[in-house]
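Let's walk through this structure together, one piece at a time. Please have the viewer open and turn the model as you read.

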Amino acid sequence: MLAVEIVRRGTKRHGPRTAVVAGGDRLTFTDVDRASNRMAHVLAGLGAGRGARVGLLVDNGLWSIPVDFACLKAAAVRVPL
């Protein structure tokens with residue numbers, strides 16, 4: 001099973017439940033899926049899809065998981081910095 005499909009299954013199964021907590025902020029599985037979809041479209045629009053390397057300089061904050069999933073959905077290679 002593709003990793004993208006695992007993300008989609010998680011959203012379908014747990015949509016309104018909390019997926020990410022950072023400080024007092026929270027994102028649901030649906031929030032993470034929608035945000036990562038938007039980011040993936042931006043990456044693809046910039047030509048950062050299908051094997052392109054994307055450098056990630058992010059902390060373990062609220063948006064680190066949607067950014068990571070966006071690279072996955074755009075088929076970009078994540079390069080943590």
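Keep in mind as you look that the model is a predicted one. Most residues other than glycine have a negative phi, which is what makes a spot like this worth a glance. Ala75 sits in the loop between α3 (64–74) and β4 (77–80). With a relative accessibility of 27%, Ala75 counts as partly exposed.

There is another residue of this kind to find. Arg50 is not a glycine, yet its phi is positive, at about 45°. Look for Arg50 in the loop that joins α2 (29–45) to β3 (53–56). Is Arg50 buried or exposed? Arg50 is exposed, because its relative accessible area is 77%, and the cut-off for that class is over 50%.

Now step back to the whole fold. The protein has three helices and four strands, and from the N terminus on these elements follow the order α-β-β-α-β-α-β. The radius of gyration is 12 Å, close to the 12 Å given by the globule rule for 81 residues, so the protein is as compact as a globular protein of that length. Along its principal axes, the C-alpha trace spans about 30 × 30 × 20 Å. Of the 81 residues, 35% count as buried. Among the contacts with a separation of 6 or more, 59% come from residues 24 or more positions apart. As for the surface, the protein exposes about 5,500 Å², and carbon and sulfur atoms supply 54% of that area.

With the overall picture in place, return to α3 and look at its inward side chains. The buried residues of this helix are Ser64, Pro66, Val67, Ala70, Cys71, Lys73 and Ala74. What do the buried residues of α3 pack against? Their partners are α1 (3–14), β2 (25–28), α2, β3 and β4.

How many salt bridges does the structure hold? It holds three. In one of them, the side chains of Lys73 and Asp33 meet at 2.4 Å, N to O. This pair links distant parts of the chain, with Lys73 in helix α3 and Asp33 in helix α2, 40 residues apart. Lys73 and Asp33 are both buried. For Asp33 the relative accessibility is 15%, so it counts as buried, since that class takes values under 20%. Setting aside neighbours within four places in sequence, Asp33 is in contact with Val7, Thr11 and Lys73.

Asp68 is partly exposed at 27% relative accessibility, and Arg78 is partly exposed at 36%.

The remaining bridge joins the side chains of Arg8 and Glu5, at 4.0 Å, N to O. Both lie in helix α1, three residues apart, which is about one turn of the helix. Arg8 counts as partly exposed at 45% relative accessibility, and Glu5 counts as partly exposed at 37%. Taking the charges of the whole protein together, the mean positions of the 12 positive and 6 negative ones are 7 Å apart.

Technical notes:
Residues numbered from 1 in each chain as written. Predicted model: local features only at pLDDT ≥ 70, side-chain atom pairs only at ≥ 80, totals over all residues. Heavy atoms only, no water. Helix = DSSP H or I, 4+ residues; strand = E, 2+ residues; numbered from the N terminus. Buried < 20%, exposed > 50% of the residue type's maximum accessible area, 1.4 Å probe, protein only. Contact = heavy atoms within 4.5 Å. Rg over C-alpha atoms; globule rule 2.2 N^0.38 Å. Areas by Shrake-Rupley, 256 points an atom, 1.4 Å probe, with all protein chains shown as cover. Lys, Arg positive; Asp, Glu negative; His and termini not counted. Charge placed at Lys NZ, Arg CZ, Asp CG, Glu CD.
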